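Visitor: I am new here. Please show me the structure, then walk me through it.

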Amino acid sequence: MPLDTVLCLDTSGSMGSNNNEGINQLKAAASKFLDGVEDTARQAGLQENVAIVEFGAKTQVLHSLSTDYPSIRRKIAPWVSKSTHPRKFALVVSFNFLGGVVNVNGRKLCPRIILMTDGKPTNENGRDTEQALKEVLVAAVLFGARWQEVGLPHKIPIACVGCGKADKKLLESIAEVTGGMYVMVQDMQELSTFFKRQVLLSRFIAKFAHDLAQLHSLIALQQFMRGLGEEMNETELRPLMALLLAMIVADDDSDDNSGNYPKPPPVGTRVRRGPDWKWGDQDKHGPGTIIKNDSTPGWVDVQWDSDTKNSYRYGKDSAYDVKVVDENRRVIIDLEGIQVGCRVIRGPDWKWGNQDGGSGNIGRVFAVRGGVVEVRWPNGHENTYRYGAEGSCDVRVHPADVVSMPSLSRQQIRTQQSNEVCLVM
């Protein structure tokens, strides 16, 4: 049975600016996506059902799920930009055209939606409103946390593609609540690359369907993409991996029943390679920190102090790639700043009551990004705190883990200068 993909595409008026530049790029990109789907069907024997939902002057299904790619192409050809229409209806309409779980070489996969837009949510009068924004998020939640309420057999991940001046925060939120991914594209080349990689992702799943360890491996995904001419760095790989894992549906048998796995260590836990390690020097022979433990039963995500990240078995196949250790991460603040794995306590700008369980309690950082950090406290509470954002520091690295900058004596300085002179000569 083919994999199901719904392309939910924006043909609103803003896509027609600059002599229909947006529409023309969208048509070309959709065509390239179909090129890739057809190539995959021929070369890998993996067909993909594709449906197209457009939202512009109205929301309508241009083509229901099908492997009749020439027919789908004919529906794309006459596209023109139209006035705006609420995005929520495009998502809701997609419900009716989603198939069920499919089996790809023994691995169960759910459908996916690719949502592409260049604008912000509008109401029936074509105006941006707070209510329109909320309605889109509510519709997205139906694909995520509330999937059972609307009769879906599983969550449906949404891959969000933002074009032009898209509402980045909205698209990131949609991707987050559905377990999908978010990317921002600026030109035709980036858009074509995105669609090409979506097709190659299906090939990757088909190739490693019987090896869950490989499906979880960023390195395996990177090598696979490279073998097909796609050079991708870790920043590009991570959202693609997130979408892949969201598409994998756990089997109902005892092997994939989360109840048979030990409870994973909490985020922030420090680890090293365990008794069943088989991943070479991914860890650079050093410690790391668990940054996610709820994506797939029997697995944990680890960020090593060397800054690489990957997924490892923690109970899957009765194997343990990592083990818990009692090692604190020490940093030179002036050089490194705060890092994943650092212990923290309340900082000078703390204003969050007893979220930490009380003054003096020590938390562990499990994410760092853009002036904020995510911390888990001993009471199990997790939250995001300022560390530079708004010029404030809600937390600070535990003093015992701060390494002082080494200072050179006058004799050392003279020796160093002498060596430098010798090197110049």
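**Starting from one residue**

Guide: Glu38 is buried, with a relative accessible area of 19%. Buried means under 20%, exposed over 50%, partly exposed in between, with a 1.4 Å probe and protein chains only. This is a predicted model: local features need pLDDT of at least 70, side-chain atom pairs pLDDT 80 or more, while totals for chains, interfaces and linings use all residues. Residues are numbered from 1 along each chain as its sequence is written, and side-chain values use heavy atoms, without hydrogens and water.

Visitor: Which side chain does a polar contact join to that of Glu38?

Guide: Glu38 lies in helix H1 (residues 17-44). Helices (H or I, at least four residues) and strands (E, at least two) are DSSP runs, numbered from the N terminus. A polar contact pairs N or O atoms within 3.5 Å; within protein, one must be able to donate a hydrogen and the other to accept it, and residues adjacent in sequence count only if both atoms are side-chain atoms. Here the distance is 2.5 Å, and the partner is Arg73.

Visitor: Which strands stand at the edges of the sheet?

Guide: Six strands form an open, mixed sheet in the order E3-E2-E1-E6-E7-E8; pairing takes at least two DSSP bridges. Each edge strand has a single partner, so one side is left without a neighbour in the sheet. They are E3 (59-66) and E8 (181-185).

Visitor: What is the bridge partner of Leu7 in E2?

Guide: Strands E1 (residues 3-10) and E2 (residues 48-55) pair in the parallel sense over eight bridges. In E2, the partner of Leu7 is Ile52.
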